[in-house]
Amino acid sequence: MQFTTVLGLFTALGGLTSALPHAIQRRDGGGVGITNNMQKDIYLWSVSDTTGDNMITLNAGGTYSESWRTNPNGGGISIKMAMQPEQTDVLQYEYTLQGDTIFWDLSCIDMGTGSAFTTAGFDVSSNEGSCPSASCAPGDSQCADAYLIPTDDHATHGCPSGTQMSLNIGSARPVRMDRLAQVSSHLNFPRGLFAGQTAIITGAGQGIGAEAARLFANEGAKVVVADIDEQKATTVANAINSSAPNRALAVAGDVMNAAYIDELVKRAAEFGGGKIHIIVNNAGFTWDGVIHKITDKQWETMLAVHNTAPFKLVRAAAPYFRVKDKEPRTIIQISSTSGIHGNAGQANYAVGKAGVVGLTKTIAKEWGPQFGVRSNTIAFGYITTRLTAAKEAGATITTADGTKVALGIPGRSTQKEEVNPEVAYADIPLRRPGTPEEAAKAIVAVASPWFSYVNGETIRVTGGRNT
Ligand SMILES: *[C@@H]1O[C@H](CO)[C@@H](O)[C@H](O)[C@H]1NC(C)=O
């Protein structure tokens, strides 16, 4: 974002510009209209490198509009709005026309609580269903839909060049909308259940975590794909980016490494424009053995990955959860029915998975009262992942010191045809295992606004087993 550059340029060129509109007008109908819904005047400048010293006064209730125009130097056009003719407290709407696309963003780097723009709120909408909107509610001085720092470049949107956009200063919504926009404004969550939220999902390189990353992004979240396997994390993030541009960021590393935890939180906060809303502590694996044979290392590794790592991530992210901005925040620990009922051969895993139940309830009690953070555990039953596949299938995970741990259940049948569900899944009322996608849907559901009063719970997702 070139906010400071543009301001500097404007000052430098202030003396030698000609009248607006000087640049080429597009004939394809697109442009932007700005409405002042405040009870006071706004001062406006539409700046390219050849225009920009014409101050336009927008009276209370007044409007300004321009068709998309191009800047002779190839850069963008910056429409700056200020509360004073001296340009203090500036809101900037910047756009660049490139071929069939209009790129645009909003910035408001002085957006403190003292800003009149912050107080009034503002939003951008359009007549084009595929074009992202932006909305900064009155009083939101940390609004994620506007750049708040000059180096931040996460909010650039692309729309068809024929789009007609409306920027409203003050809380009134625009009246000019086409039918699609009218319909979507009647949906409860037209931009997705998690629009404007940022989620960290550990172990998101495959299985349940990867499915969850995809579903969160699909519902509008920005997703940090954390995984020990860099290639897998990158593949998942790229796949998300290709259908939902800029929604995913791969940050690879080992959750048992404290330095990685700090880096993960830092990069997630940067990606989220200073905010993190959701943590899903999903990373984990099994290292089975019967009690009389479990080694210290087997024991300690299970506690490190299932208890210490989630705790450290939650602790490191505390500054982003102990906040009072009224936005939803939720932490989900992924557990297992082994943690609730115990499981022969899994004393270490069972203790780890039971441990997060206590962490969940403690977070709920510490961060619920003042900050409204919800915290829940989801305990999965039999989900078809590499942890529940046949051990003979050969999946392994390598620990930090190079030890290879075999994953899976010895002797479990892999051949679908061989399985008689009445026998094989006799203990599951639905007579089948769950898919990773079904498991991920439960995670997304618990994180969603539909679960806004569910807190401190352990939710079992088992197809009815052991109920
Ligand atoms: C996906 O898009 C984001 C945001 O533009 C970018 O930072 C990231 O590098 C992209 N891909 C991956 C693999 O993270």
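**Nonpolar cores, a strand sheet and the ligand shell**

The largest nonpolar core contains 70 residues, and Ile201, Ala212, Ala213, Val223, Val224, Val225 and Ile443 have the most contacts inside it. Such a core is a set of buried Ala, Val, Leu, Ile, Met, Phe, Trp, Tyr and Cys residues joined through C-beta atoms within 7 Å; a residue is buried if 20 or more other C-beta atoms, placed from the backbone, lie within 10 Å of its own. Helix H10 (residues 347-371) supplies the largest share of this core, eight residues. Helices (H or I, at least four residues) and strands (E, at least two) are DSSP runs, numbered from the N terminus. A second, separate core of 35 residues includes Met38, Trp45, Phe122 and Val124.

The model is predicted: local features need pLDDT of at least 70 and side-chain atom pairs count only at pLDDT 80 or more, while totals for chains, interfaces and linings use all residues. Residues are numbered from 1 along each chain as its sequence is written.

Six strands, paired antiparallel, form an open sheet in the order S3-S2-S5-S6-S7-S10; two strands pair if DSSP finds at least two bridges between them. Strand S3 (56-58) and strand S10 (157-160) stand at the edges with a single partner strand each, so one side of each is left without a neighbour in the sheet. Within the sheet, five bridges join the antiparallel strands S2 (residues 42-47) and S5 (residues 77-82), and serine 46 stands opposite isoleucine 79 in S5.

The ligand is surrounded by Thr234, Ala237, Asn238, Asn241, Asn246, Ala248, Leu249 and Ala250. Helix H5 (230-243) and strand S14 (248-252) each give two or more residues to this shell, and H5 gives the most, with four residues.

Notes: Near = placed C-beta within 6 Å. Buried ≥ 20, exposed ≤ 12 C-beta atoms within 10 Å, placed from the backbone.
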